[in-house]
Every structure is written in C-alpha cells, then in structure tokens.
There are 2 protein chains.
Amino acid sequence: MNKYTYDDYLVFNSKIADLNGISSLLQWDQEVGMPNESSNGRGRQIASISGIIHELYTSNYNVDLLNDLENNKLLNETQKLNIKLSKRDIQRKLCLTKDFVEELSTAISNSYSSWEEARRKNDFKIFAPALKNLIALKKKEANFINKEKDAYDVFLDEYDTGLKSTEIKEIFETLKPELITLLGQIDNKNKIDTSITNKFFSKDKQWDFGIDLLKNIGFNLNAGRQDISTHPFTINIGEKDIRITTRIEENNLNEMIWSCLHEGGHALYEQGLQQQTFGLPEAEAASLSIHESQSRLWENHIGRGYSFWKYNYKQLQDLFPENLKSIHLNDFYKIINSVKKDLIRTNADELTYHFHIIIRFEIEQLLFLEDFNVDELPEIWNNLYLKYLGVIPENDVKGILQDVHWAHGSFGYFPTYTLGSLYAAQLYEHASRKIGNLEHKIANNDFSEISLWLKSHIYVKGRLSTSKEICNAATGESLNSNYFINYAKQKYGEIYAL
Amino acid sequence: MNKYTYDDYLVFNSKIADLNGISSLLQWDQEVGMPNESSNGRGRQIASISGIIHELYTSNYNVDLLNDLENNKLLNETQKLNIKLSKRDIQRKLCLTKDFVEELSTAISNSYSSWEEARRKNDFKIFAPALKNLIALKKKEANFINKEKDAYDVFLDEYDTGLKSTEIKEIFETLKPELITLLGQIDNKNKIDTSITNKFFSKDKQWDFGIDLLKNIGFNLNAGRQDISTHPFTINIGEKDIRITTRIEENNLNEMIWSCLHEGGHALYEQGLQQQTFGLPEAEAASLSIHESQSRLWENHIGRGYSFWKYNYKQLQDLFPENLKSIHLNDFYKIINSVKKDLIRTNADELTYHFHIIIRFEIEQLLFLEDFNVDELPEIWNNLYLKYLGVIPENDVKGILQDVHWAHGSFGYFPTYTLGSLYAAQLYEHASRKIGNLEHKIANNDFSEISLWLKSHIYVKGRLSTSKEICNAATGESLNSNYFINYAKQKYGEIYAL
C-alpha cells in the first residue's frame, strides 16, 4: 500500500516549477527593465524565493514522496524514470548542508563582485583571491556529492548527465588539428570586407526584422516575448511563457540577427517541451549540450546558411536599401560567414569559436589539480592563445576576464558550447538526409519538417533521455566531430575557395 | 526578559514586504506584458506566492513575536505603534479559517469570470447569482472579523481605519445638493467644444510628453518606471521600485495626460514613504482615501490648473502644432475642464464624477440589508442616474457593469474616491495658504515647496496616523466638503461664467 499517488508528485513538482518561474521572472525583470536603484531589493527578493524553493524542495515531504513512489509497482516506465531522475536531483541537493550552501553562495557573490572590479580595473590579480577560494569550495562541493569521482566530472554531470572529461578530451583532440589546418588555409586567403555590417542600421527597423525572423522560424509570440538586454538570454517563466532577449547596436547588424536566431533556437526547444507535465523531468531540456545544439542549429546551420538568406535577404535589403542595395546575396552570405581571429568568444566566428572553448577546457583541467597556482592563469591563457590562434590579448579584460562563468562558480560549463555545435552538425546532417530537399524548403521559408523532426527526436524526450541517448537514437551513432568538420570544410572551402 | 527583539520584527516584516513585492511584480507583468496564453500559469504562480505569504504571515512565529513585543517596555512610542498596527492586521487575518479564505477566494474568482461574461454579453443577469453568493460570503466575513459592527463598516475599516458609513453619509449629503445646483447652472450654459482633443496625437509623442510631465512633478524614474496597460494603475514592487502605467489613445489626448498625472500622484506618495523600514506600518500609505487624495491633488488641483499649463502648454503645442497651434492657452484650459454628464465613471469630469460614487455608495448601503434583492440592481441603478444626472444608461455595460470592484468583492471601496477628492481640496487649500504664491511657483515648474509640504504632512507619517489624524494635523480641522465645494464653485464659476 503506497502512501502517495503519482498525482501528489505531479502537484508538488508543478508547484516547484511555478516557484522557479517566479524566480525567473525576477531575474528577467532585473535584466530587462528594473529601475536601477532597486538592485538591493531585488537581491533580497531573489534570495527569499530561492530559500523558499530550497526548503520546499529538500523537505521531508518530497523525500518521503519520492521514496514511496520509487517502490510503487503500479507505475509505468515513464513514470518510474521521472521518479528516478527527481530522486537523483534531490540527492545532489541533500548532500550539501545548509551552512555549506550559504558559504558557497557568499563565495560566489564575492567572486562575482571581484570579477566585476577586476574587469573595471583590467587586473586579474583583483579576481585571483576570490577565484582561489571558490575553487577550493567547489572541490569540497564535488567531494560532498561524490567522493569517488573527479571533481570536474561531478560538475560535468550536472550540466550533461554522465558526461566525462576523458570523452570531451578525445573529441576535442580530433577537432583541434582539423580546425588548425582549416584556419591556416583561410589565413592565406584574402580577407572578406565586412565593413558594410557596421554602417548605420536603425534600431526600430532591426527590431522589426528580428521579430519577423522569430515568427518565420516558428517562435510563438503568444506564449513568449522578446525584449532588449545587455546580454541576450533565454528564460523559462512558465510552460506558456518563454522569453528571449536580444541586443541591438545601430552600428553592427550582427548583434541583433545572430542573437535573435541563437536565442530563438533555445526558445523553440523550450516551447516544444511537453506542457501538461510542466515541472517533471520529462518536460525539461535534456542537457546544456543539447540545449546549445538547438541554438546553434538555428543560428549557424539554418541562419548562416545560403538558403535562409535566399528568402530573407530581400526583406533586409528593402529595410536598409541605402546600405544593402548594392550588395549581392552571394557577397552578403560571405560577409556573414567571414572568419577572423577575434579575441572575444561571443564575437567569434563558427571556427575560431572552438579555440575559446578548447582553451577554457584545457585550463579547467588544471584548476582542480593539487598544486595549481591561480596566479599563473593569465600567463597560461596568453600562451594558449599564442599557440592556437597566434595572437595574444592585449589585456586581461580581452583575455581571461572576458566571461562571467568562473566567477559564478560554473566550471565545466564551457565545453557544452562546443559539444552543442558538434551535436548540431550531426543532428542537422541526419535531419537533412531524412527530410530531403531541406535547403529548398528553407529557401521557401518552410520550416515545418525540420521543426517536426526536432520535436520528435529531441523536444518530446525531455530529460528522460541523456544527450548520448538522444544522439544515438536520432543519428544512429555516438557524438563525433566528423559532421562538424565536414560541414566546416565544405562551407568554408566554398566561401574561401580553398 | 523578552524572547524577541525589535530587530526580529524588522527582519520578519521586511521579508513579508519582499514577498508582497514579488506578488506585485507577477501582477504588474500580467497587466503589462505577459504573453496572453500564459494566464493559467500566472494564476497558479500568484496563488502559490499568496499562499506562502498567508502562511508565513499568520504563522505562530509572527503571533508570538507580536505578543512578545507588545509587552516590551523598552520600545519607544513609534515602535509600539508599529507593533500595535501589525497586531491589528494579523488579527483580522486570524479571524478567518483557511477553508473560509479559500471559499471566498473561489467565489471572487467565479464572480470575476461572471462579471466578464456579463459584460461581454451585456447582461447583468449573468453576473447576479455570483454577486449574490459573494455578498452572502462577505457578510459572513464581516461577522467573523467583528460581530458587533455593521458589515459595511467592517469593510470601510479595512480601506480607511475607523471610517464609518454614517460619516460618509453626512459628508455626501452636504456635497450632493451643492453639486446638483452647480451642474444645473453649467447645464444652462453653452457646451465647450472639446473636439480638438480627439484629433490624431501620435503615440510616441504622447509617451514622451507624459514622461516629461512625470519628471517635472518629481517622479524618480531611477526608482520606478512607466508602462502601458489597459487600465492604468500604480504598484509597489519594492522600496525603490514604484511602477505606474498609462493608456494612450491616438484619438484622445485626455487618456494619457490624466492617467499620467493621476498615477504620478499615487507614485509620488509611494516614493515618498520611508524606505529604511520598508514593510512596517510606518512605511506604508495611511489609507485608500489619503492615497486617492494624492492622485487627485496632482491630477486635478495641480494638473487641471491654469498655472500648470502656463508652463507645459507650450511644449504640448510644439509637439502637436497641427492640432494645437491655433488653440489659445485659455481655451485649452477650458477644454480640459469641460463638464459633461458622462455615464462612465473613469471618463467623468471633476464634478459629475462624484455622482458615480454617491450612487455606488447609496446602493452599497442596500446590498447588505436582509431582504435586498440583487436582481433589482439595474433598475435601482437606472433610477438613481435619472434622479441625479437626468440620464439613463442605454445598457448594463454602460451602467452597473462598468466597474470591476464588486466582482472583486470590494465593497466600501468606491466612497474612498470621493473622500480622496475632498481630502485633496482641503489639503491643497491649506498647503497653498502656507506656501504662498504656489500658483506662481507651479507656473515656473517649481514643485519643491508643495512636494516638501506633502512629504512632511503626509508621506512621512506612513500608516501611524489615520486619515482623520493626518487631516486634522495638516489643516486644523476634520474633513468636510466645504473646501471642495468652494474650489468647484470658483473654478467652474469662472470657466462657465456662472
């Protein structure tokens, strides 16, 4: 005789999801429109709601509920899997004492402030002590969660269940020489003149164009919205409320277009998740890597493709005739795919991008070694940039201080970006083969089949399948870098006439 | 020896206030920008946070805390008063069982849906059953809270501590004949041609002008913001986050201007409250009546005054030269103060307005009588409109169904609107006498002295003084309708050459 029903589990998790949605709204509002004097109050509000969620989530009620349902013989396989994953989630939380969670939270908060100050003063030394402390605490955290595993693998597991650093290393080692060769070949060719994208493009017209792109690819604006923020992001506020943000610069057309399509890709995934069981693992995204595969598939494979602009370029030209009338579609296509060794990750082209990640990953491998000295980080950073890209950042802000992730205590997050790209290439290639004539359909603004393919192979699986399982089921093989390498060679071979 | 310190009380109430702010953000977002398919999810989120607040607020912890501090001899007078008011607040909540609160909440929710449907189908009969049920439950509620008092006085007490229907009646009975006479005199005069305000006024320019008006009167946009919504409102999301909304119609200049100044007045009050003790009675508004006095003081006494436009009309003309260049300031002043017997409360002029309230009040007196028949409401309504304004609404939507308050279970709310106007007139007259040359200062866009006067006589008192105490302290006498009547006679006597 069971004490709880599966319905109790549904109700409880729907409530947790609603509270998480409230927390998301508080964050969204903070980034998008909160009056600037109100940041202290907002900090308190977010802390309050986080405390309430944590308490409820780790309550005896939830523990009892999961223990009870785990032994319920009447549940079907899907239900059992949901319970299993929920139990795994809560166990990860229960490993940590309240005191430790608070200590870590304070360390992250300090680390974030130091990082901001270090950026302002362009001096890594200001960030170093907080980072040292944070690394030490993260080691402890990993140890609490799983003594048997390497700390780094414990973190990876949080972002992408079962992912191991040895696997990443293997994939990156195949990718690296190919990209180095390709970038070397491109380096010997003439640069593409991209100055046209830095002419004046009015904010309002860019906004309208972005909204049209989002509608075209299938973003439902009745169950989501787009706003402006400093750093574009996607956030889930409710099962019918998925919001994205973009950044518009009037002297750089790229910002808006690529963030719209990138976040749009994330948002299509979120809008495509199951809605009836909002809050259950089956209605959540599989992993960071798979999430990123969706943003990159829409941003790069579709959005930076020739077919996409065959349909959309005309409208862009009509909006900005003074800038684009004289630029032929073929040239525009080259411009938006030009390769240059940008030192900033978020500005990087599709190829250079991965060196930013490979370097972060190689450094992250060192961070958790016993005798590692944080003070040496800028030197290590610069050496790796020299080695892989032949350039050295002129200062820390353009180097090691450029990204917030470490200051947030997020180690092991970076590799999921590159894994996302590799998944995107592999998934897109298999979808294309299956659908047939996909490029032609895209050129006709018809995304019905690719959307359906993504929905049935990815969205509906929720978090009940791991990244690996999704990949294997959808493509018949494990993740490998061949698809991305072939895609890159063909695309850039053509663009640069290699 | 006390178990708790006053600091415990501060911390607890700051937390409650933060949670209330979260609830406000959820509502604000719902009105301002939430994707329309998300209303179910938002409903659940608001219910969740309300439940959490209710539970925390009525917890044994809070009861113990207040009981303990009530007997703390070391507290100063202000501290004691805060505790006393907090205790009164919680007692009102504790009178009601959880079951009853849920029953009432469901009834309100049903009543709101019926009201919406009744409006859509223009048929009061659809709303009647839910309203009957709601009235019965509200009677019960009043009885739970205070068996000794009339139900209606129990409701009034919630909006304005100590307010009684006999007092309202007395004031309204003085006001009524004076207004009837004044409206009669105006009726015999030529109508003012207001058609100019219905020309085309572009949304963007109206928006900019509204923001300038708000800045001029002192609204701090770094600790607040303005947005667009169907029904304008003011909401407190945090001690440094006071938001207002406006409505812009391109064929009606009035909507934006008066809602900006009205909500602006509410917002100045909220921004002027004490911030260090956010969440305590001393940092809350005194009552609905006093709140409304602030919106009306800025909207009518300042915003509809000649001096105000002496400064601002030039800018408005510059924004809309095609419409306003040929209209002299003197005529514009008459146009914005024209009197016509509008059947819709929210569109009504300063004089007609009060009949909407008087009629609601007279009907509310009947609602709670033993043998009252709700089905007769439209007839009663129409008879009263005929009696006081000589007009009968052509249908229920333009009559009894026009306002949401009753559907929300808010009985006794309406009279605070008229009381607010009367307070505004009395306070403004005394402020003018004290300040001297106030009109001249307003004509120079100088609000420093009136703002200071309002701050020191109203804002800083928080909820530690009742409406009556604030009025007596600021004006040396109790609220009476003479000030408003004199103001109205003088202003409209001049405008209509009576």
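Trainee: Where is the place of Asn62(A)?

Mentor: Asn62(A) is in helix H3 of chain A. Helices (H or I, at least four residues) and strands (E, at least two) are DSSP runs, numbered from the N terminus. Before we go on, the ground rules: this is a predicted model, where local features need pLDDT of at least 70 and side-chain atom pairs count only at pLDDT 80 or more, while totals for chains, interfaces and linings use all residues. Residues are numbered from 1 along each chain as its sequence is written, chains are lettered from A and ligands numbered from 1 in the order in which they are written, and side-chain values use heavy atoms, with hydrogens and water left out.

Trainee: Is Asn62(A) buried or exposed?

Mentor: Asn62(A) counts as buried, because its relative accessibility is 2%. Buried means under 20% relative accessible area, exposed over 50%, partly exposed in between (1.4 Å probe, protein chains only).

Trainee: What is Asn62(A) in contact with?

Mentor: Leaving aside neighbours within four places in sequence, Asn62(A) is in contact with Phe12(A), Leu56(A), Tyr57(A) and Ile90(A). Contact means heavy atoms within 4.5 Å. For Tyr57(A), the backbone oxygen lies 2.8 Å from a polar atom of the Asn62(A) side chain.

Trainee: And which other residues are buried in H3 of chain A?

Mentor: Along with Asn62(A), the buried ones in H3 (residues 60-70) are Leu65(A), Leu66(A), Asp68(A) and Leu69(A). Looking down the axis of H3(A), they fall within an arc of 165 degrees, so they line one face of the helix. That arc is taken from the directions from the helix axis to the C-beta atoms. Helix H1 (6-32), helix H2 (39-57) and helix H4 (77-94) of chain A are among what covers them.

Trainee: Switching to chain B. How many residues of H7 are buried there?

Mentor: Eight of the nine residues in H7 (residues 151-159) of chain B are buried, so the helix is mostly covered. Among them are Tyr152(B), Phe155(B) and Tyr159(B), and also Asp153(B) and Asp157(B). The cover includes helix H6 (124-145), helix H8 (165-187) and H17 of chain B.

Trainee: OK, the interface. How many residues of chain B are in contact with chain A?

Mentor: 35 residues of chain B are in contact with 35 residues of chain A. The two chains bury about 2,800 Å² between them, with 49% of it on carbon and sulfur atoms. Buried area here is the accessible area (1.4 Å probe) that two parts lose on being put together, summed over both.

Trainee: How many salt bridges are there between chain B and chain A?

Mentor: The count is 10 salt bridges between chain B and chain A. A salt bridge is a side-chain nitrogen of Lys or Arg within 4 Å of a carboxyl oxygen of Asp or Glu. One of them pairs Arg44(A) with Asp18(B) at 2.8 Å, N to O.

Trainee: Which elements of chain B give two or more residues to that side?

Mentor: Those are helix H1 (6-32), helix H2 (39-57), strand S1 (224-228) and strand S3 (241-246) of chain B. H1(B) gives the most, with 10 residues.

Trainee: What does Lys240(A) pair with?

Mentor: Lys240(A) forms a salt bridge with Glu37(B), the closest N and O atoms being 3.7 Å apart. Lys240(A) lies in the loop between strand S2 (234-238) and strand S3 (241-246) of chain A and Glu37(B) in the loop between H1 and H2 of chain B, so the pair joins two chains. Lys240(A) counts as partly exposed at 29% relative accessibility, and Glu37(B) likewise counts as partly exposed at 35%.

Trainee: Back inside chain B: what does Arg345(B) meet in a salt bridge?

Mentor: Asp403(B), at 2.9 Å, N to O. Arg345(B) is in the loop between helix H14 (329-336) and H15, Asp403(B) in the loop between H16 and H17, and the two are 58 residues apart. Both Arg345(B) and Asp403(B) are buried.

Trainee: What else touches Arg345(B) around there?

Mentor: His405(B) does. His405(B) sits in the loop between helix H16 (377-389) and helix H17 (415-435) of chain B, and at 10% relative accessibility it counts as buried. Its other contacts include Tyr413(B), Phe414(B) and Tyr417(B).

Key: A polar contact is a pair of N or O atoms within 3.5 Å; within protein, one must be able to donate a hydrogen and the other to accept it, and residues adjacent in sequence count only if both atoms are side-chain atoms.
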